[in-house]
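Hi everyone, thanks for coming.

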Amino acid sequence: MVFEDIYRDYWNKVFRICMGYVNDADWAKDIAQETFIIIWKQLPKFRNESAIGTWIFRITSNNCLRQIERQNRMPTTELPEQIEYEPDPDKEWQSKLLYKCIAELPETDRIIISLELEDVKQVEIAKITGLSESNVRVKIFRIKEKLTQKFKQYEQ
């Protein structure tokens with residue numbers, strides 16, 4: 001597969017997975033860009049032992065975890081939130097709330113639900129996370145319940 005095709009086909013999915021981890025659009029873009037640099041460098045080593053999407057999502061997940069770990073080691077200062085004009089406030093608000101709720105989940109839950117939202121098959125999610133397929137199914141059900149509860153709390 002040609003890198004340009006991979007980039008075109010997977011950019012949005014990789015970005016959304018990154019958003020699920022960090023809940024910050026600028027940081028997610030940076031991580032996604034770095035992820036594609038890794039993919040570009042590693043593409044010649046891809047051995048077709050798994051689907052290309054599984055391989056890409058595993059790289060994305062590992063890169064997100066590395067970036068979060070790196071960020072947690074660095075001292076940070078509080079920055080004010082930027083207020084931006086949103087053309088569709090209802091849809092944008094729901095999307096931001098979803099990513100905020102996902103960001104509050106434990107790391108494994110974040111990657112599982114991010115992949116589920118990208119319509120990655122549960123068998124592939126199991127390969128990426130190292131969990132059994134039945135465990136992934138149970139976790140997805142529980143994660144959806146947690147997110148539903150979080151949404152209800154924010155709506156009050």
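Let's begin with a cysteine. Cys101 is buried, its relative accessible area being 0%; buried means under 20% relative accessible area, exposed means over 50%, and partly exposed lies in between, using a 1.4 Å probe and protein chains only. Cys18 is buried too, also with a relative accessible area of 0%.

A word on what you're looking at. This is a predicted model, where local features need pLDDT of at least 70, side-chain atom pairs count only at pLDDT 80 or more, and totals for chains, interfaces and linings use all residues. Residues are numbered from 1 along each chain as its sequence is written, and side-chain values use heavy atoms, leaving out hydrogens and water.

How confident is the predictor? pLDDT is its confidence in each residue, from 0 to 100. The chain has a mean pLDDT of 83, with 87% of its residues at 70 or more. Confidence is highest in helix 2 (residues 25–42), at a mean of 93, and lowest in helix 4 (residues 89–103), at 76. Helices here are DSSP runs of H or I with at least four residues, numbered from the N terminus. Where pLDDT is low, the predicted coordinates should not be read in detail.

Now for helix 5, residues 107–117. Eight of its eleven residues are buried, so the helix is mostly covered. Among the buried ones are Asp109 and Glu116. Just after helix 5, Asp119 takes a positive phi of about 60 degrees.

Which side chains pair up by charge? Side chains of opposite charge can pair when their charged atoms come close. The structure holds eleven salt bridges, each a side-chain nitrogen of Lys or Arg within 4 Å of a carboxyl oxygen of Asp or Glu. One joins Asp109 and Lys139, at 3.8 Å from N to O. Asp109 sits in helix 5 and Lys139 in helix 7 (residues 133–155), so this pair ties together parts that are 30 residues apart in sequence. Asp109 is buried at 6% relative accessibility, whereas Lys139 is partly exposed at 24%.

Another salt bridge joins Lys144 and Glu116, at 3.9 Å from N to O. This pair also links helix 7 with helix 5, with Lys144 and Glu116 28 residues apart.

Definitions and conventions:
Helices (H or I, at least four residues) and strands (E, at least two) are DSSP runs, numbered from the N terminus. pLDDT is the predictor's confidence in each residue, from 0 to 100.
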